[in-house]
Amino acid sequence: KMTTAARELLGTRDLFVTLVERQLRLRAKRAWMGTVWPVISPAFLLVLYMFVFDTVFDVDIERYPEYLLCGLIPWAFLVHSMGKGIASLSTEPEIIRKAPFPYELLPISTVASNAINLLIGIALFVVYLGVTGELAWGLLPALIAPIASVILLVMALTSIVALIDVYNHDFRLVQANLLTIWFFLLPVVYRPEMAPGLVEAWQRADPMSRIVTDFHSILYAGEIEDPVQIVLTLGTCAVLFVAATALFRRFSRDLAK
């Protein structure tokens, strides 16, 4: 069933592109800030966390702004995508009732439209690192893997929370709190070795922690510590995406009703 769901998704490329274009048009139509905010929001978070952790707590990490941005850029993409995507099914009853189609395309297209902002943010950060002479140009192709990993992971998570939201809107009330807890379990504002034992064990199992570590490795440290782990993370996120798609199909059969 998992492979069948994946094949069916590949067969709906034209519809997927149409839904992504629709998301982009709606975002541009409603407010110009909605278009640029996902790109610049990591900069606002950077200022906040620089004040708290670099000024107040004086975290001992060299080039702390660059270290922070390596984690904040993919994290901001996750937060914005899940924040928009959680209601992607509940707010589209007309489309869902008109004709049967792979309904998971609605949350997935929301994530895909936000992925454009992710790529823009990464491109701007790469330009900054290149200008300051802190970029290992030869490692840029390796960045494709963690970018693909975070997109697949966020698509999987957004599909599931969007389906949950159809049956119970209460999850919207707790999602932000859960994401805040998750954020501080990630090595974004601190190095992985600074975390206590239980958190360190969580980070080894959490694909988002591995993605943040890969961004740090390639963009901040300028080296690939464990290329096998990068590939394994991509494979894990791909499996999670396929599994989420199959799970979505199973519980969304009567969605139009």
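**Figure 1. Glutamate 92 and its salt bridge with arginine 22 in the predicted model.** Glutamate 92 counts as buried because its relative accessibility is 11%, where buried means under 20% relative accessible area, exposed over 50% and partly exposed in between (1.4 Å probe, protein chains only). Its side chain meets that of arginine 22 in a salt bridge (3.0 Å, N to O); the term denotes a side-chain nitrogen of Lys or Arg within 4 Å of a carboxyl oxygen of Asp or Glu. Arginine 22 lies in helix α2 (residues 13-30) and glutamate 92 in the loop between α4 (64-85) and α5 (93-98), so the pair ties together parts that are 70 residues apart in sequence. Arginine 22, at 23% relative accessibility, counts as partly exposed. Helices (H or I, at least four residues) are DSSP runs, numbered from the N terminus. The model is predicted, with local features needing pLDDT of at least 70 and side-chain atom pairs counting only at pLDDT 80 or more, while totals for chains, interfaces and linings use all residues. Residues are numbered from 1 along each chain as its sequence is written, and side-chain values use heavy atoms, with hydrogens and water left out.

**Figure 2. Two further salt bridges, among the five found in the whole structure.** The side chains of aspartate 165 and arginine 172 meet at 2.6 Å, N to O. Aspartate 165 is buried, at 0% relative accessibility, whereas arginine 172 is partly exposed, at 38%. In the pair formed by arginine 204 and glutamate 200, the closest N and O atoms are 3.8 Å apart. These two residues are four apart in helix α9 (residues 197-205), which means that about one helical turn separates them. Arginine 204 is exposed, at 56% relative accessibility, and glutamate 200 is partly exposed, at 33%.

**Figure 3. Packing of α4 against helix α10 (residues 207-221).** The helices pack at an angle of about 140°, with their axes 9 Å apart; axes are lines fitted to C-alpha atoms over the stretch in contact, and angles run from 0 to 180 degrees between N-to-C directions. α4 and α10 are therefore oblique to each other, since angles under 35 degrees count as roughly parallel, over 145 as roughly antiparallel, 65 to 115 as roughly perpendicular and the rest as oblique. Residues of α4 in contact (heavy atoms within 4.5 Å) with α10 include Tyr67, Trp75 and Leu78, and their counterparts in α10 include Val212, Phe215 and Leu219.
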